[in-house]
Every structure is written in C-alpha cells, then in structure tokens.
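This briefing describes a structure shown below, beginning with the terms in use and then passing from the overall build to single strands.

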Amino acid sequence: MNNANPAPAPATPILSVNNIEVIYDHVILVLKGVSLTVPTGGITALLGANGAGKTTTLKAISNLLHAERGEVTKGNIIFEGQQVQSLSPNELVRRGCIQVMEGRHCFGHLSVEDNLMTGAFTRRDGNAAIRDDLDLVYQYFPRLKVRRASQAGYTSGGEQQMTAIGRALMSKPKMILLDEPSMGLAPQLVEEIFEIVKKLNEEQGVSFLLAEQNTNVALRFAKYGYILESGRIVLDGEAKALRENEDVKEFYLGIGGEGRKSFKDVKHYKRRKRWLA
Amino acid sequence: MDFLNSILVKPFADMFGAPDFLLQVLWEGLVSGVLYALIALGFVLIYKSSRIFNFAQGIMVVFAALTLVGLHEKGVPALLAVPLTLLVMFILAVAIERVVLRPLVNQPDIILFMATIGITLFLVGFGEIIFGGENKVMITQELHIPTGSFEFEPFGGFVSIEQKDLTAVVGAIVLVAGLLLFLNKSKMGRAIRALGDDHQAALSVGISLSTIWVLVWFIAGVIALATGIVWGARAGVSFALEVIAFKALPVLMLGGLESVLGAIIGGLAIGVLEKLFEIYWGQPLLGGNTETWFAFVFALLVLLFRPQGLFGEKIIERV
C-alpha cells in the first residue's frame with residue numbers, strides 16, 4: 001500500500017486535525033482517531049461511504065457538534081496555528097472558518113438575498129464592504145441574482161446549494177468546510193458547482209475541506225484526499241495517486257479490473273483487512 | 001322558532017338598529033384586541049427564535065408594570081422610570097439567558113417550557129418582595145397619557161372614545177410597525193428570522209444564539225412594559241393582570257405560533273369577536289360573562305378545522 005510513504009507535507013497548513021476522537025451522547029464512539037491537514041489555499045477531499053464519519057469530522061472542526069450532543073474527547077484541532085476546539089461556532093466563523101452543511105440548510109422563509117446576508121452576521125467591516133461581497137457572490141452565481149427576491153424554500157436544489165455556498169462566502173472565509181455539495185443534484189449541476197468551488201479557490205484563495213461521496217468528481221477537483229472508513233482514515237494521498245489506486249478504483253469509483261462481475265464470484269473477505277494488509 | 005330567532009336574527013337586528021352602539025362595541029373590542037395581539041407577539045418572537053413556549057410572558061407584563069409604578073413610588077420621576085424599567089427588563093433578559101436558557105440548551109422543549117413556569121413563579125415572588133403584593137394604580141397622568149374622551153355622534157347616536165385607549169392603539173401600532181421594520185430590515189432582525197427557520201444553519205453561519213436570545217427576551221420585555229402600561233391604566237396594576245396573558249393562548253392558536261402577522265390579526269379578531277358575542281349573544285341569552293371563555297371555545301373550534309392555526313407558517317416542501 002502506498003500509504004507507507006505519505007505525500008510530502010505541504011507548506012503551512014491552514015487546518016490540522018490531530019488524532020481526534022468524537023463521542024456522541026457520551027457513549028457512541030464515532031471518530032476513532034482522525035488526523036488530516038489542509039494546506040493553505042488547498043482543496044482537500046474527505047471521502048467515504050455513508051456513516052464513515054465525514055460529517056462528524058467537519059462538525060467537530062466547525063464546533064457544531066455540541067448542538068448534537070457530540071464531543072471531541074481526544075486530540076486537537078488547529079486552525080491558523082491556534083487550537084480551536086473550545087471556541088463557539090460563531091467565534092470560529094469570525095476567524096474565517098465556516099461550514100456549509102450537508103443538505104443545504106437554507107433559511108426557507110427568507111429570500112435568497114436575505115439568506116446571503118445572514119452570512120455576514122459576524123462581520124464588523126461595514127455595510128459597504130458587505131455590499132461589495134454580495135456583488136461578488138452574484139458574480140460567481142449569476143443565477144442567484146435573478147432569484148434574489150424568491151423565498152429560498154421554493155428555489156431548486158442547485159440554487160439552494162449555491163445559496164448555501166454564497167451565504168458562507170459572505171462571511172469572508174479563509175476556509176470553507178463543504179459537506180456533500182453534490183447531494184441530490186444532477187451531474188451537470190454538480191460539475192457546475194465544483195467548477196465554481198475551484199474558481200473560488202483560485203481567485204479568492206479560499207481553502208476547502210470537501211466531504212464527498214461522489215469520489216469521482218471530488219478527486220478530479222481536489223489536490224489531496226483522505227479516505228475515511230468507520231471513523232478511521234484508511235488511506236490518503238495526492239488526488240491523482242488515489243485515482244490510480246486499485247482499491248479506490250474498485251470500492252469507490254466502481255471500475256473493476258477484470259470486466260463484468262457476477263455475484264457468484266464475489267469473494268468473501270473483510271474489506272478493512274485488505275486495506276490494512 | 002323563538003330560540004332560533006334570538007340567536008340568528010335578533011342580534012343582527014340589534015346591531016343595525018343601533019349602529020352607534022355597535023361602533024362603540026367594536027371599538028372596545030379592538031382596544032382589548034390590540035393588547036392581546038401585543039402579548040401574543042411577545043410569545044411569537046420567543047417561540048420563533050428558540051422554540052420555547054414562554055409561559056412567563058404574562059407575568060412579565062405584571063412585573064414590568066409593577067417595576068414602573070414601584071420605581072415611581074420610590075421617588076423616581078415617571079419619565080425616568082420608563083427607561084429604568086427598560087433597563088431592568090434588559091437585565092432580566094440577560095439573566096434568563098445566562099441562568100436558565102444557556103444551561104438548558106439542547107434539552108427537550110418540555111423542559112424549557114417547565115423552566116419558563118419556574119421563571120413565572122420566581123417573578124411573582126420577586127415582584128412581591130420588592131414592590132409589595134397590593135394593587136397599585138398606573139401612573140397614567142405622570143406619563144402624560146391624555147385622559148378624557150372624544151365624543152362623536154354618528155348616525156344620530158353617541159360614541160365615546162377614551163383618549164387613553166386611543167393612545168394605546170396608536171402606541172401599539174407604532175410599536176408593531178417598528179418591530180416589523182426591525183425584523184425585516186435589520187441585521188439582527190434577519191438573524192432572528194433565520195434562527196426561526198433553521199437552528200443548525202443559523203449556528204453554522206455564525207449567528208450567536210446567546211445574543212439573539214437576550215435580544216428577543218428583551219423585546220418581549222419591552223412589549224410587556226407597553227402592555228402593562230396600557231392594561232394597567234384600564235384595570236390597575238396587580239397580579240391579576242397575568243390572567244389576560246392567558247388570553248394570548250387562544251390568540252396564538254388562532255394566529256399560529258410562528259406568525260407575527262397571525263398574532264396581530266388573531267389578537268384583533270379575538271378582541272372584537274368576544275366583545276360582540278358578549279354584548280349581542282352572551283348577555284341576553286347566557287346571562288353575560290362570556291368574555292372569560294369565549295376566546296378559548298372559539299380557538300378550539302378553529303383548531304378542529306385548521307390545526308396549524310389560521311396563519312401558521314406554511315411548511316415549505318419541495319417535491
């Protein structure tokens with residue numbers, strides 16, 4: 001396995017998560033020692049199946065866990081050189097780290113523009129600057145400008161995802177934790193949204209940690225990837241290397257080595273054993 | 001036949017027979033309706049932003065009025081007593097957030113509801129210790145609320161509108177308009193509405209729960225003070241005032257727990273309808289005193305047909 005020689009450590013990481021353990025309700029152990037780093041200005045993907053712990057990892061970073069009775073019990077999280085586990089989500093947003101939650105979570109009864117403006121809650125740099133950023137968001141998402149007065153609850157899934165990302169941008173973030181942006185969207189829209197993420201990364205210098213089930217798309221846009229399985233990182237590497245990896249191909253990209261398979265041929269083996277062999 | 005006549009025909013004949021009296025009844029109903037609406041608004045704001053059904057809203061009305069009158073009794077000039085009372089309501093909001101809400105965050109709704117009952121009991125006791133339990137008179141004159149009345153003679157009849165009622169209505173309209181403007185146009189107002197829509201998302205964009213909670217409890221306190229002054233001017237300041245807060249419950253059922261507009265319309269509707277019912281049906285047919293229960297029965301009937309209330313927020317669902 002090629003995780004024996006990890007990729008060269010990138011320059012200064014904007015975020016590093018060191019061996020965190022997360023417990024829900026004091027009993028349910030969900031993350032069993034997860035470590036990852038996101039380089040400043042990077043796009044890093046966090047991949048894995050349902051229930052692997054992607055969302056929990058992101059929420060541990062953004063400190064939204066408390067609202068769900070979750071707790072980081074071990075390890076630490078460092079954002080821009082400072083420990084952040086004990087900060088409130090609102091303080092973290094103020095420092096420049098914001099999460100876009102899975103399933104969009106727009107404010108349904110607010111207009112699209114009001115949704116975007118809520119993102120500026122923590123800002124203290126005056127209305128003019130906020131207005132400028134609103135225009136900037138509309139530049140990246142022209143479709144939102146058209147729908148600015150509509151109630152967000154009545155817009156399409158893609159528009160809601162754009163609203164959610166735009167709302168996060170309004171906080172002037174240095175880093176966005178993006179949870180499953182592809183969920184429930186048509187492939188074409190997924191592509192469009194990832195293109196915008198890439199542009200934001202290149203032009204605005206926003207770093208991204210991207211939790212995705214859509215491994216294929218995520219590995220095309222990310223520079224580095226981690227694969228999470230039942231609360232542990234089982235593999236990590238440059239996105240390109242991961243794409244070439246036989247196991248990733250088979251388990252996550254659905255590209256089998258030897259043609260069409262039948263259930264008759266399915267070998268019974270424990271997947272984790274193979275990963276760790 | 002006689003019975004049907006007295007239910008279906010005679011009341012309306014009475015109404016149109018004496019339109020001046022009808023106007024008077026409508027006006028009286030409207031004035032109490034405005035007060036119900038104000039109290040219901042306090043409920044709605046807190047419910048929307050924290051999903052807490054605030055049992056203490058009624059006692060906050062009493063407490064605010066008591067503080068105002070009590071301060072004046074202790075020698076504070078009336079016009080200074082108002083901002084001081086507002087300050088007390090602000091401190092109360094901060095204290096409630098710190099001591100009650102923050103430690104109970106993430107607890108089931110019923111626990112928070114119980115906590116507001118606790119707040120009610122505390123305020124009853126606390127108010128009595130500091131200001132005494134006897135009835136007081138609202139300092140209407142000292143606050144420069146005009147007394148006396150305007151008299152009209154429409155339809156050859158006679159209608160009298162008390163100036164303090166008129167002041168109350170105008171004051172309430174200004175308060176509500178200000179509140180709506182605040183909710184719809186300001187950053188904090190937007191955050192309150194956002195919090196009402198999606199708690200988690202509000203947290204995720206950095207909206208600070210404690211700031212918003214202090215803010216809505218303070219607004220509820222301001223509303224309580226306004227209601228307390230107006231109602232106190234009509235009925236005196238005593239713990240019995242708390243009872244009128246229960247009138248807000250049918251208003252909420254009618255208007256929906258989450259709708260500001262619903263609270264206003266529901267309040268006015270209940271105020272007017274219960275007055276009409278009392279005068280034209282209750283007194284001749286049931287011996288009067290229907291105002292105490294009419295609102296509840298009416299709300300129950302509405303609930304049978306529209307469980308979300310007349311103006312409850314539509315649940316937006318995309319298919």
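Two strands count as paired if DSSP finds at least two bridges between them, and the strands themselves (E, at least two residues), like the helices (H or I, at least four residues), are DSSP runs numbered from the N terminus. In that sense A:I43 stands opposite A:F208 in β8(A). The model is predicted, so that local features need pLDDT of at least 70 and side-chain atom pairs count only at pLDDT 80 or more, while totals for chains, interfaces and linings use all residues. Residues are numbered from 1 along each chain as its sequence is written, and chains are lettered from A and ligands numbered from 1 in the order in which they are written.

**Overall build and confidence**

- Chain A holds 11 helices and 10 strands, and 44% of its 277 residues count as buried, a residue being buried if 20 or more other C-beta atoms, placed from the backbone, lie within 10 Å of its own, exposed if 12 or fewer, and partly exposed in between.
- Among contacts in chain A between residues at least 6 apart in sequence, 73% join residues at least 24 apart, where a contact requires C-beta atoms, placed from the backbone, within 7 Å.
- The mean pLDDT of chain A is 87, with 88% of its residues at 70 or more; pLDDT is the predictor's confidence in each residue, from 0 to 100.
- Over residues 1–8 of chain A the pLDDT is below 50, and this stretch has 9 contacts in the model beyond near neighbours in sequence.
- Residues 268–273 of chain A also stay under 50 in pLDDT, and the model has 2 contacts for them beyond four places in sequence.

- Six strands of chain A form an open sheet of mixed pairing, in the order β6-β7-β8-β3-β9-β10.
- At the edges stand β6 and β10 (232–238) of chain A, each with a single partner strand, so one side of each is left without a neighbour in the sheet.
- The twist from one strand to the next averages 15 degrees, with axes fitted as lines to C-alpha atoms (for helices over the stretch in contact) and angles running from 0 to 180 degrees between N-to-C directions.
- Helix α1 (residues 54–62) of chain A lies across β3, β6, β7 (175–179), β8 (207–212) and β9 of chain A, and runs at about 150 degrees to β7(A).

**Strand β3 of chain A**

- Because 5 of the 5 residues of β3(A) are buried, this strand is largely enclosed by the rest of the structure.
- In a regular strand the side chains alternate between the two faces of the sheet.
- Both faces of β3(A) are covered, with A:I43, A:A45 and A:L47 buried on one side and A:T44 and A:L46 buried on the other.
- β3(A) runs parallel to β8(A), to which 5 bridges join it.
- β3 (residues 43–47) of chain A also pairs in the parallel sense with β9 (residues 224–229) of chain A, over 4 bridges; in β9(A), A:G225 is the bridge partner of A:A45, and A:I227 that of A:L47.

**Domains**

- Chain A is divided into domain 1 (11–96 + 173–276) and domain 2 (109–167), with bounds from an automatic or database domain assignment.
- The centres of domain 1 and domain 2 of chain A, taken over C-alpha atoms, are separated by 26 Å.
- In chain A, 11 residues of domain 1 are in contact with 5 residues of domain 2, and α7(A) gives the most to the domain 1 side, with 5 residues.

**Contact with chain B**

- 26 residues of chain A are in contact with 18 residues of chain B, and α2(A) gives the most to the chain A side, with 4 residues.
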